[in-house]
Amino acid sequence: YDGGVDYLNLTKINVPKDILDYYTTYFWVVRYQDSNGDWSLWSDETSFMTEITVQQFIGIGGGKVETPGHDVVIDIPQGALSAVTEVVLIVSQQEELPTEPSGFRMGNTRFNIHLNGKLNEDVIITIHYTAADLEAAGGNPMGLVLSRWNDVTNNWEILPTVVDTTAETLTVITNQFSLWAVMNSESSYQWWIIILGAMFPIIVIPVAFIIVKRRRSSRGKIN
């Protein structure tokens with residue numbers, strides 16, 4: 001996307017609707033024109049990531065809340081909710097996260113689940129880990145875990161995590177919604193369960209702007 005020359009909006013730009021994709025990293029550069037009409041060099045590249053917000057009403061019969069690309073899937077069983085309840089899932093890189101616990105390093109994937117009420121039964125959360133998550137784990141998916149922020153104790157809780165290396169997913173069972181993040185264990189202690197591919201079914205759970213995007217590992221320019 002090329003914002004062209006803008007003589008009014010010198011510190012920000014509004015990108016038209018449907019130009020940017022959900023949950024995609026974009027890289028942008030800017031330059032300015034002086035009073036003589038001469039252009040500066042392009043600035044250093046800076047990035048931002050768009051977010052996904054999914055809002056869905058789930059009844060007592062249960063159901064699924066998931067992102068359009070199935071990167072995050074919440075499987076809510078029958079009886080987990082006492083009435084029709086709105087569940088809000090936000091996948092975003094914009095939020096500043098609390099410091100990770102000792103022995104763990106923050107990955108790339110993070111999301112927030114909001115519920116106006118409480119859960120009566122455990123739910124299953126499955127996420128696709130990304131190349132950036134793997135990079136944080138030194139290329140070893142066995143070190144990846146899902147962690148939940150506890151608003152009462154103000155600390156991260158590392159949950160037993162099922163790793164499917166074929167589907168590239170992490171799965172946990174939980175009875176609470178909150179802020180979630182993928183982390184990498186830096187110690188030899190294993191909080192996770194490793195599942196290889198076919199075994200997975202055993203689980204019961206004047207300014208000119210240019211914006212360039214990177215979808216996961218790819219990169220290109222939006223015209």
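Visitor: Where is Tyr7 found, in terms of strands E1 and E2?

Guide: Tyr7 sits in the loop between strand E1 (2-6) and E2. Strands here are DSSP runs (E, at least two residues), helices are runs of H or I with at least four, and both are numbered from the N terminus. A word on the ground rules: this is a predicted model, where local features need pLDDT of at least 70 and side-chain atom pairs count only at pLDDT 80 or more, while totals for chains, interfaces and linings use all residues. Residues are numbered from 1 along each chain as its sequence is written, and side-chain values use heavy atoms, with hydrogens and water left out.

Visitor: What makes Tyr7 count as buried or exposed?

Guide: Exposed means over 50% relative accessible area, buried means under 20%, and partly exposed is in between (1.4 Å probe, protein chains only). Tyr7 has 58%, so Tyr7 counts as exposed.

Visitor: What makes Glu157 and Arg148 a salt bridge?

Guide: The definition asks for a side-chain nitrogen of Lys or Arg within 4 Å of a carboxyl oxygen of Asp or Glu. For Glu157 and Arg148, the closest N and O atoms are 2.6 Å apart, and the pair forms a salt bridge. The count by this rule is one salt bridge. Arg148 is buried because its relative accessible area is 9%, whereas Glu157, at 22%, is partly exposed.

Visitor: How many aromatic pairs are there?

Guide: The count comes to two aromatic pairs. Rings of Phe, Tyr and Trp (its six-membered ring) pair if their centres lie within 6.5 Å; planes under 30 degrees apart are stacked, over 60 edge-to-face, the rest tilted. Phe111 and Trp180 are 6.1 Å centre to centre with 5° between the planes, hence stacked. Phe111 belongs to strand E8 (residues 104-115) and Trp180 to strand E14 (residues 179-185), so the pair ties together parts that are 69 residues apart in sequence. Both Phe111 and Trp180 are buried.

Visitor: Why is the pair of Trp149 and Trp156 called edge-to-face?

Guide: Their ring centres are 5.4 Å apart and their planes are at 70°, so the pair is edge-to-face. Trp149 and Trp156 are both buried.

Visitor: What is the phi of His70 and of Asn154?

Guide: Most residues other than glycine have a negative phi. His70 is not a glycine, yet has a positive phi of about 60°. Asn154, also not a glycine, has a positive phi of about 55°. His70 is in the loop between strand E5 (63-66) and strand E6 (72-76), and Asn154 is in the loop between strand E10 (144-150) and strand E11 (155-159). At 44% relative accessibility His70 counts as partly exposed, while Asn154, at 53%, is exposed.
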